[in-house]
Amino acid sequence: MSDSRWTGPASGANPGQVPATSPLDPELCERAVRSRDARFDGWFFVAVTSTGIYCRPSCPARPPKPQNMRFHPSAASAQRAGFRACRRCRPDASPGSPAWNHRADVVARAMRLIADGVVDREGVPGLAAVLGYSPRQIERQLLAELGAGPLALARAQRAQTARLLLETTAMSMGDVATAAGFRSLRAFNGTVREIFAAAPGDLRRRARPATDARPNGQVRARIPAPAAVSPVGAPGALEEASAEVPGEPHGTPGGASNLVAVMTVRLPFRAPLHAASLFGHLVATAVPGVEEWRDGAYRRTMRTPGGHAIIALRPLPDQIACRLALTDVRDLGLVIARCRRLLDLDADPTAVDGQLAADPALAPLVARAPGRRVPRTVDPAEFALRAVIGQQTTVAAARTQAARLVRATGTRVHDPDGGLTHLWPSVTDLARGSGVRLPGPAVRRRAFTGLAAAVAAGDVELGPGGDWDRTRAMLAGLPGIGPWTIETIAMRALGDPDAFAPGDLGVRRGAERLGLPTTPAALLRRAAAWRPWRAYAAQHLLGARAAGVAALPPTAEGPLDL
């Protein structure tokens, strides 16, 4: 780029090529606000000095005068400057910035960790320790780029979760505060009043008869009264002094459920989203007992700091309906963040499709299936180990082997609504080798146990705050871990949007159908034009061969084709 000004999706520039510290371009931001360009939602927020509110760029209200606009790179920055969230466009509920998922610098890694709840659980020192910086350095870098430090960013996230629960559930105020991550009712009430200019009870009463905003800022039909939530233990009980979350048993021996909170939330995304390919891949590779497709929803179990959760994700035209059952309501924010990560909901399809469509070979595929996402995971360690199981074998065989491992080593859980039976085994148990009896070549068994041991020991960092290049190097040093496995883990476990495995059989077959090179070296050179979105290009290549992972199988409700 010839200058350091910030450019977003409407400018035609590729956001992945924007310098990490680029400031907001006022002229570009003003044009986006005046055109109500929903593609900028989450990229920046506009604060209005004459009203004291901040909005998303696509707010349907009349655009303010230029002299009254102030642009902020985060909701936390606008809140820190004293602005409250707009009641009409709901800027706090906009999709997250795509920058945090396609960047690998320390600010992006910090934002992924904050979304995962690290600050709420371990404080700023815990965040800094994971990133390998001092708390002061983290504070300085986040303030420089986002206008808010880690505590303010985590506070904004808690406020968003609290508003969602107030408006969509009948949970008590104490339970809402606990689930959102607040340590006291006083902090909860004060934050809600400051950010939304309304008491928590007022937000709830207003939501029952009021209109609700779509993810793109348009207003839609009235929402029903808050849905009932199953009893939550010790209503109003809050942790006042410690951020540590006490553990819960991961299963109930007698088969009874210890899921104490059940709720449904809406997950917004930037349109378009090609749900068939996304959910089709998850269903085709699902491990029986841990994952299933039932009644039009992808369902799975997952471990959480407080126990476990069962999630059900149903694709709808303008949102993802997310039904959650938790053993500890304090895990709610973390579970929602991981569901969004699993479905790649914060991606910017305009930027991705725009660049890939410039390639004549990929243009027809992009036109036929705009908005493809990269199916990711709720548990990076789990996926990494499953990738090793899938080395040099078929999808069906990998599922069978993984299911046997789960039955032998996983923790049993009770699913009152379906056929889920287990949690994926903990990496600690797998590192000890208890119950591990993998069939196949000895090199695969050594690779599996070696990776489990390295992850358990902390030698390989697979979490949202990990350094992608360092993790690749550590994986390459393990026995039996080759380029295909490394890039597959980077793509789906680490979330690197530029990960690309040219030796993948499905990718090569898709390339052959398009008349592209099929040898790994030649295909890698050809793929240079797709950077930094090669992981998305791989999804199009997989779709080109019309394999089972490209679309959902027909169900009683018919095939999924949104």
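Just after helix α4, glycine 117 takes a positive phi of about 85 degrees; helices here are DSSP runs of H or I with at least four residues, and strands are runs of E with at least two, numbered from the N terminus. The model is predicted, so local features need pLDDT of at least 70 and side-chain atom pairs count only at pLDDT 80 or more, whereas totals for chains, interfaces and linings use all residues. Residues are numbered from 1 along each chain as its sequence is written, and side-chain values use heavy atoms, with hydrogens and water left out.

Helix α4 itself spans residues 106-115 and is mostly covered, with nine of its ten residues buried (under 20% relative accessible area with a 1.4 Å probe, protein chains only; exposed is over 50%, and partly exposed lies in between). Among the buried residues are Val106, Arg109, Met111 and Ile114. The buried residues of α4 pack against α3, α5, α6, α7, α12 and α19, contact being heavy atoms within 4.5 Å.

Turning to the strands, an open sheet of four has the order β3-β1-β2-β4 with mixed pairing; two strands pair if DSSP finds at least two bridges between them. Strands β3 (69-72) and β4 (84-85) form the edges, each pairing on one side only. Strands β1 (residues 45-48) and β2 (residues 53-55) run antiparallel over three bridges, and valine 48 stands opposite isoleucine 53 in β2.
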